[in-house]
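Colleague: Please show me how such a model is read, one feature at a time.

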Amino acid sequence: MDIHQPLPLLGGLTPEQFMKRYWQKKPLLVRQALPHFQPLLSRPELLALAEQDEVESRLVKKIQGDAGWQVRSGPFQRRQLPALKAPDWTLLVQGVDLHLDAAHQLLQHFRFLPDARLDDLMISFATDGGGVGPHFDSYDVFLLQAHGCREWRIGRQKDLSLRDDTPLKVLAHFEPEETFLLEPGDLLYLPPRYAHDGLARGECMTYSIGFRAPKQGELAQGLLQRLAEQAEQAENDTLYSDPQQTASSTPASVPAGLQAFAAQVTARWLANPQALALALGEWLTEPKPRVWFEAPEQAPEMADLATGVALDRRSKALYDDWHFFINGEGFRAAGKDAKLMRRLADQGHLSAKDLHALSPDALALVLEWCDSGWLKPL
Ligand code: SIN
Ligand code: CO
């Protein structure tokens with residue numbers, strides 16, 4: 001993507017300008033960000049997605065008289081949802097990009113941001129008056145109005161205290177600063193912790209393009225676990241030795257030499273940038289818990305890839321200076337193979353000519369990934 005090109009999606013800003021002025025800083029409202037935008041799926045299609053076990057969904061109902069909200073987790077059969085004529089309810093369907101090619105395609109508009117930061121496309125369907133209450137999210141979000149109208153009240157808040165009488169995280173004292181009525185094709189970007197409250201004005205659908213940012217704790221856990229696996233597999237694993245150990249009259253005390261050895265080995269792994277980079281890439285590309293790939297009936301052969309290969313919409317592929325990562329697995333890559341694997345991750349596909357330029361080992365991996373359903377013949 002040309003990051004110096006003004007985009008209607010960003011109200012005529014270039015991605016470079018948007019990142020400098022708005023990203024993680026302040027909201028941006030863009031009217032007709034996607035002119036002539038057509039919803040990616042109809043209401044019955046969305047409701048059908050929410051019936052499936054592998055699709056994460058929630059139903060949020062406002063209780064009359066500001067008494068709070070009721071929340072239930074899916075899947076939902078059609079009869080388990082309130083009547084379409086009933087006001088004040090919302091169905092939230094998470095990860096639609098994993099289930100629908102068109103949703104995955106929509107996310108491509110946002111690839112001026114690193115893939116490692118992108119989370120998913122959530123679709124919310126609401127009847128008149130529906131909404132999830134005034135709240136703030138920890139992550140950046142682009143709210144795209146896809147169908148009907150939604151009124152957004154937004155504001156920076158001093159008081160972020162939450163109501164304690166309802167299962168949703170709803171602000172107790174929301175004070176909006178601005179109100180916007182979004183129509184189909186309009187887009188509202190909100191930075192993390194910016195409070196917002198979206199109210200459906202008639203039946204509507206809103207798409208949330210959500211981002212993720214690792215928390216320190218979960219990141220440390222993911223990396224240390226993977227580093228530990230690497231350490232276990234290391235070939236020249238050295239044993240602790242203690243020829244200087246003296247006779248002990250306090251046998252239960254941990255020897256200082258063993259403490260020093262422990263500190264030394266951990267520090268050695270943490271100080272290894274390639275080992276850390278490998279762990280990070282594997283962690284970042286780990287498929288989400290409900291993701292299943294569809295393996296082809298027959299193992300593909302080179303002849304099946306005559307027009308190239310593309311990443312399956314569920315696949316996550318990233319790279320760094322040393323590695324290529326796909327779906328939680330990291331591979332060392334250098335030279336021409338690295339260049340082509342990076343192309344696969346950035347562009348989402350490789351042509352037949354690209355495939356012919358791969359080394360036999362890399363080509364064997366490509367066939368293996370096709371066999372796992374991670375790549376598809378074009
Ligand atoms: C919604 O679309 O109903 C909720 C999205 C949000 O507030 O983050
Ligand atoms: Co929100």
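Colleague: Is His196 buried or exposed?

Modeller: A residue is called buried under 20% relative accessible area, exposed over 50% and partly exposed in between, with a 1.4 Å probe and protein chains only. His196 has 3% relative accessibility and therefore counts as buried. This is a predicted model, in which local features need pLDDT of at least 70 and side-chain atom pairs pLDDT 80 or more, while totals for chains, interfaces and linings use all residues; side-chain values use heavy atoms, without hydrogens and water. Residues are numbered from 1 along each chain as its sequence is written, with chains lettered from A and ligands numbered from 1 in the order in which they are written.

Colleague: Which residues are the protein donors of the cobalt ion (ligand 2)?

Modeller: Donors are N, O and S atoms within 2.8 Å of the metal (3.2 Å for Na, K and Ca); water is not among the atoms, so a site may look incomplete. Here, the cobalt ion has His135 (NE2), Asp137 (OD) and His196 (NE2) as its protein donors, lying 2.1 Å from it. Their spacing in sequence is H-x1-D-x58-H. Asp137, in the loop between strands S5 (118–126) and S6 (141–155), is 59 residues from His196 in strand S9 (195–211), and this pair links distant parts of the chain. Strands (E, at least two residues) and helices (H or I, at least four) are DSSP runs numbered from the N terminus. Asp137 counts as partly exposed because its relative accessibility is 29%.

Colleague: Where is Gly130 found, and which residues does it touch?

Modeller: Contact means heavy atoms within 4.5 Å. Gly130 is also in the loop between S5 and S6, and at 0% relative accessibility it counts as buried. Leaving aside residues up to four places away in sequence, Gly130 touches Asp88, Trp89, Thr90, Arg150, Gly198, Leu199 and Ala200. Thr90 is 40 residues from Gly130 in sequence, yet their C-alpha atoms are 5.5 Å apart.

Colleague: How many residues has the largest nonpolar core?

Modeller: In soluble globular proteins, nonpolar side chains tend to be buried together. A nonpolar core is a set of buried Ala, Val, Leu, Ile, Met, Phe, Trp, Tyr and Cys residues joined through side-chain atoms within 4.5 Å. The largest one has 44 residues, and Phe18, Leu121, Phe142, Tyr207 and Ile209 have the most contacts inside it. Elements giving two or more residues to this core include helix H2 (43–49), helix H3 (101–107), S5, S6 and S9. Another core, of 23 residues, lies apart from it, with Met341, Leu344, Ala345 and Leu350 among its members.

Colleague: Which residues does Ile209 touch?

Modeller: Beyond four places in sequence, the contacts of Ile209 include Leu107, Phe110, Leu118, Leu121, Phe142 and Leu144, and also Asp120 and Asp140.
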